[in-house]
Amino acid sequence: MARIFNFSAGPAVLPLPVLEQAQSEMLDYQGSGMSIMEMSHRGKTYDAVIKAAEANVRKLMNIPEDYSVLFLPGGASQQFAMIPLNFLRASGSADYVHTGSWAAKAIKEARIVGKVNVVWDGRNDDYLRAPKLPELALSPDASYVHICSNETIGGIRFPEFPKTPAPLIADMSSEIMSRVIDVDDFGMIYAGAQKNIGPSGLALVVLRKEQAERAPESLSLFFRYATHMKEPSLYNTPNTWAVYILKLVTEWMEKEGGVAAFERRNEAKAKLLYDELDASDFWKPCAEKGSRSIMNVTWRLASEDLEAKFVKEAQGAGMDGLKGHRSVGGIRASIYNAFPEAGVKALVAFMREFQRRNG
Ligand SMILES: Cc1ncc(COP(=O)(O)O)c(C=O)c1O
């Protein structure tokens with residue numbers, strides 16, 4: 001078996017011990033005689049899995065009691081739609097910060113439902129920086145403020161989060177549990193699981209309970225957060241496999257020292273790469289320094305041909321997933337929690353060699 005270094009932006013690398021445990025439990029989950037995918041989601045065995053998954057998330061993120069933790073289908077994209085459907089009134093408005101491609105998708109969904117104020121737009125900087133907090137022109141009567149805390153495609157993040165009068169809602173898909181945050185600063189946090197915490201198709205939602213009560217009566221039951229809170233993440237048949245993997249990933253994280261330990265590791269890994277990118281103008285890092293993501297590192301080379309050569313040769317050297325998103329091109333190295341430091345070191349060594357031959 002040859003596992004390569006997987007720099008994919010998502011679905012992304014999972015911790016090897018998690019994959020091995022899932023493999024060993026695949027045919028007979030803890031003496032049940034069946035796999036986790038084959039058993040009732042209402043049985044005792046699965047109940048213990050989903051409860052443990054929730055407990056792990058609560059512990060890792062230090063989530064207060066007045067927040068619900070939900071596992072919902074449809075990934076983060078479904079949340080783009082559910083948020084305005086639940087919280088944006090026809091008579092009201094919501095503030096959205098436009099930091100790049102994922103913020104844009106959230107804005108597009110919200111505009112179908114109601115009035116959106118784009119309170120900052122990074123267009124003039126090609127979406128390569130996050131706003132400084134005083135730049136946000138927040139509205140006094142917004143129902144909520146939406147941000148994408150880490151733009152996976154541009155490779156930028158909010159170095160700090162705005163304190164907003166209206167509840168702050170953050171798409172943390174590409175940085176969930178990669179840095180220590182204070183959940184109390186947010187009305188809601190959500191993330192597609194497929195980068196830091198599990199397989200795709202599953203969204204983790206952390207929602208202040210009182211916030212859920214704001215959904216209009218006209219909204220179909222399935223799309224109301226309150227519905228999923230009442231039968232905790234079991235209103236529909238959940239993606240039992242994805243929740244099980246999330247449970248294993250969060251257990252692994254706990255064993256490895258929790259979010260604070262991962263934040264330190266992630267910063268160290270990102271520094272290795274940014275230091276190399278800053279060392280010579282052969283490399284052209286994209287994100288503005290103060291907004292650099294520690295999850296998705298993006299850069300350009302002198303030409304698209306050279307970028308294509310870099311990606312191809314890196315692949316030959318056992319490094320996959322380095323091609324930038326098709327909408328922006330360039331190079332992108334996604335180095336999530338489970339991505340090993342050895343992989344970053346291998347990439348840096350490859351970059352030096354590539355520069356020597358092509359510089
Ligand atoms: C920041 C961010 N938000 C939302 C999404 C969409 O997630 P999903 O495909 O799970 O709907 C992605 C996917 O890559 C993302 O990176």
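In this predicted model, helix H3 supplies the largest share of the shell around the ligand, with three residues. The ligand is surrounded by Gly10, Gly75, Ala76, Ser77, Trp102, Cys148, Thr152, Asp171, Ser173, Ser174, Gly192 and Ser200. Sorted by class, this shell holds eight polar, three nonpolar and one charged residues.

Asn62 belongs to the loop between helix H2 and strand E2 (67-73).

Helix H3 spans residues 75-87 and helix H4 spans residues 101-113; their axes come within 8 Å and cross at roughly 35°. The crossing of H3 and H4 is right-handed. On the H3 side, the contact is made by Phe80, Ala81, Pro84 and Leu85, while H4 brings Lys105, Ala106, Glu109, Ala110 and Val113. Seven of the residues in this contact are nonpolar and two are charged, with no polar residue.

Zooming out, the protein has 10 helices and 14 strands. Its radius of gyration is 21 Å, close to the 21 Å that the globule rule gives for 359 residues, so the protein is as compact as a globular protein of that length. The C-alpha trace spans about 65 × 55 × 30 Å along its principal axes.

The domain assignment divides the protein into domain 1 (17-255) and domain 2 (258-358). Between the C-alpha centres of domain 1 and domain 2 there is a distance of 27 Å. Where the two meet, 25 residues of domain 1 are in contact with 24 residues of domain 2. On the side of domain 1 that touches domain 2, the elements that give two or more residues are helix H2 (44-61), strand E7 (156-157) and helix H7 (240-255). The residues on this side of domain 1 comprise 10 nonpolar, eight polar and seven charged.

Notes:
Residues numbered from 1 in each chain as written. Predicted model: local features only at pLDDT ≥ 70, side-chain atom pairs only at ≥ 80, totals over all residues. Axes fitted to C-alpha atoms, helices over the stretch in contact; angles between N-to-C directions. Helix = DSSP H or I, 4+ residues; strand = E, 2+ residues; numbered from the N terminus. Left-handed = near helix turned anticlockwise from the far one by under 90°. Contact = placed C-beta atoms within 7 Å. Nonpolar A, V, L, I, M, F, W, Y, C, P; charged D, E, K, R; others polar. Domains from an automatic or database assignment. Near = placed C-beta within 6 Å. Rg over C-alpha atoms; globule rule 2.2 N^0.38 Å.
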